[in-house]
Amino acid sequence: MPGTRYQLEVNPDIPPRLARLEDLANNLWYSWDRPTRSLFARLSSGLWRAVNHSPKAFLKRIDQRRLKEAADDPVFLGTMNRVLSAFDSYHSAPASELPGSPPFESNDLIAYFCAEFGFHESLPIYSGGLGILAGDHCKGASDLRLPFIAVGLLYRQGYFRQTIDRDGKQHAHYGDNDFDDMPIEPMYDEKGAEIKIGVDFPGRTVWAKVWQAKIGNVRLYLLDTHIPENSPADRDIAHQLYGGDRRTRIEQEILLGVGGVRALRALNLRPTVWHINEGHAAFLVLERIRGLMEQNMDFASAMEASASNTIFTTHTPVPAGHDHFADDMVMHYFGEFCAATKLDANGLLSLGRTGDGHDFNMTALALRGSRHHNGVSRIHGEVSASICGDMWPQITAAENPMSYVTNAVHVPTFLATDWHETFDRFLGLGWQHRLSDQACWSNVHRIPDQIFWSIRQSLKAQLLHMVRNRVRTQLLRNQGSEAHLDRLLRQADPNNPTVLTIGFARRFATYKRAALLFNDLDWLREILSDDQRPVLFIFAGKAHPADEPGQQLIRQIANLSHQREFEGRILLLEDYDLHVARRLVAGVDVWLNNPIYPLEASGTSGMKAAINGAINLSVLDGWWGEGYDGKNGWAIKPAAEGLDPALRDAEEARTLYELLQDSVIPMYYRNTSLGYSPDWVSMAKQSIASIMPRFNMQRMLTEYTEKFYAPAAAQWRRFGGDSYSGARDVAGWKARVRAAWSGVRPRRVDQPVSRIRYGQPLRFEVAVQLNGLAPEDLAVELVFTRPGERASVKARRYALRHERPLEHGEHLFSRELTPDQCGKMEYRVRVFPAHELLTHPFEMGMTVWL
């Protein structure tokens, strides 16, 4: 029709009795409280689905008459009051009632920076595992009442929506978020004006508006550049998550790091602990240094002060995965920083330099700008220590400061509520507060098999119901027929969910090897050809639009799923998101994961499946290298290192087929006269009992607190007190040590002995040329190992004491020692810098071995 079209949205007037629905809609507590989400769905299930489960958008569109009916419905009001009672109790519970109460002082505050956060599909500012983990981290901090805030970017376009056409081609669809529909609100100053912060860019200032999201007791602050103060180009800086070119990428990271620090200043928040979650936010190091230098500190002292309470967590298992930018690009954006801090170009660029790299590396900046570092699993910690080893060139990877905290999941978010009543009955009331209690979770084995199995079948039925709806929508959009739909879904019957269902859902990156299952199609056909023991594989995931190999994997799986022998046995779901993830991890029987070792930093989807009674079938990488106990799933042992990739894939695919054919499928269909396999149920129970107490967010946050947060807060008090005297002392001391170190040389004074009797004492004497340093500036140490052992795994270390000065600048250090072990031993003598304020004894990366 001709003429101008105008848009008008009429919002309902929420009755006073229902006014607190807005409290529920504006706190992401609903993302892990199923009764809250069910409360909204009860008002209109169709609208609830249409708004993608967003309570805030729902309340803007719900029919006025339906609200009036609900306000007069005693059943609805009773349900709402129960939800509100739980909401209020959660937010008013004192921290002392919760386990793991942290050892913080009243003014301590942890600031957690990340490029993405995944809480719920109603706040689409996440793409994958990093964001989901960051969301779970915030939820866990809320549960434990940690003094915790988070900082991120508010994207107009989060990650894309995905469709897959009939040829298996992925199509990425971007749509702008409507911030009014999202659980966020602008921040205002004491005068009622919106809080906006400026970030210096070359020749201009970029402005960002500060928004807040509530996550239980935690607050997340998000920066939005789409405001009138900015040029059209600058408004688009935070337009799209991981979008744009290298210029957009560095501008996003400057906004996150530099702008994030300035936003907290504008909010009058003063963190005592700073946590950089992956290198995207590492520019906060430079902004904190600049701020400290404004307090009359030199660069080196400001660096020490800033680093003392900064934690850096890396999630990347390969060097190429670390963000890096060309030197000239970095100087283009940080030339004014250099002028303000009187740092020359080489001084700035050296902060981001790696041993063999020529670009400015964000991981290197984060490592140099922090004193607390960790990977996200035991294996990944070892890999990261090796990758980042050139930060500490004279220290072995096993001894350098890189530690690890294995990732975990937020149980209230991902544990299906179907389990709650049964856990109340057999684990005891309050099991939610005993998530790390191994004895509590061993009681899972007390649940009668029939009850356990009925819950598992119910969860699978819910999954298959969702699968049918999604596959139907997908097929009909691609002009498929109803008859074809029946063939595709013959195994996915929610009314008879007996088929063995195996799930694979994650980002389609090549190292995750989504197509390993198809390495030998003849063998796979043989496995799937038994109609008496049917198997259904469900795949889901997205590939980055720029990742053509990842998109090829999607096409490969889609095309294979159309082949006659695999039709209905392999299903590919489109538009994987948190809603689909919750259904998948709860409903599948087996969770499949087969990355290339050791490229899976941690992974958490298998944990989410395990706590719901699914069984993992995975390569022994990431978290599964710690979680597998021989009784709670199946393990694919990585092939020998250095093997040709094709041979490696063939060998590991053979192990996968053998496990499926000889163990997984026979166990599922064994002795099913009772309607289920007792052996299967036993392993599924062990999956919950062994994984839940070790891989929950309560354990992870307690470990972060003990290893990093509390020590970092304590270091800040030591470095920042008395006008930063500690930071100044350490900076000056390090400068002296670096200047003298090349002249530090140890030599043996005593005569080495090759054989003694047990109980016989030995005296060790070492002369050290200090080159102008004081004896207390360094440590002299004996390191005992068994032959062939790595120096730090089972090493025994014994410090030598300073005895007296010798001639020509040498000093004598000695120790009398009686070995308490028999057999062959090796020992070495080393010298390294030592200072009481060092966060890690080897943080300077300097050692001299005799």
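Reply: Asp-200, Arg-262, Arg-265, Glu-287, Arg-290 and Glu-294 are linked in a network of salt bridges. A salt bridge here is a side-chain nitrogen of Lys or Arg within 4 Å of a carboxyl oxygen of Asp or Glu. By this rule the structure has 62 salt bridges.

The model is predicted, so local features need pLDDT of at least 70 and side-chain atom pairs count only at pLDDT 80 or more, while totals for chains, interfaces and linings use all residues. Residues are numbered from 1 along each chain as its sequence is written, and side-chain values use heavy atoms, leaving out hydrogens and water.

One of its partners is Asp-522, with the closest N and O atoms 2.8 Å apart. Both residues belong to helix H21 (residues 521-528), where being three residues apart separates them by about one helical turn. Helices (H or I, at least four residues) and strands (E, at least two) are DSSP runs, numbered from the N terminus. Asp-522 is exposed, at 57% relative accessible area, whereas Arg-525 is partly exposed at 27%. In these terms, buried means under 20% relative accessible area, exposed means over 50%, and partly exposed lies in between (1.4 Å probe, protein chains only).

Arg-525 also forms a salt bridge with Glu-565, and here the closest N and O atoms are 2.4 Å apart. Glu-565 sits in the loop between helix H22 (548-562) and strand E17 (570-573), so its pairing with Arg-525 in H21 ties together parts that are 40 residues apart in sequence. Glu-565 itself is partly exposed, with a relative accessible area of 33%.

A further pair joins Lys-542 to Asp-575, whose closest N and O atoms are 3.5 Å apart. Lys-542 lies in the loop between strand E16 (535-540) and H22, and Asp-575 in the loop between E17 and helix H23 (578-587), so this pair ties together parts 33 residues apart in sequence. Lys-542 is buried at 11% relative accessibility, and Asp-575 is buried at 6%.

Other features can be set beside these pairs. Trp-419 is in the loop between helix H16 (411-414) and helix H17 (420-427), and at 0% relative accessibility it counts as buried. Beyond its neighbours within four places in sequence, Trp-419 is in contact (heavy atoms within 4.5 Å) with Phe-452, Ile-455, Arg-456, Leu-459, Asn-612 and Ile-688. Of these, Ile-455 is 36 residues from Trp-419 in sequence, and the two C-alpha atoms are 7.1 Å apart.

There are zero disulfides in the whole structure, a disulfide being a pair of cysteine sulfur atoms within 2.5 Å. For Cys-138, the nearest cysteine sulfur is that of Cys-114, 8.5 Å away. Cys-138 is buried at 0% relative accessibility, and Cys-440 is buried at 4%.

Seven of them make an open sheet with antiparallel pairing, in the order E21-E22-E25-E24-E23-E26-E27. Strand E21 (745-748) and strand E27 (848-849) are the edges, each pairing on one side only. Two strands pair if DSSP finds at least two bridges between them. Within the sheet, strand E22 (residues 762-769) and strand E25 (residues 810-817) run antiparallel and are joined by eight bridges. Phe-764 stands opposite Arg-815 in E25.
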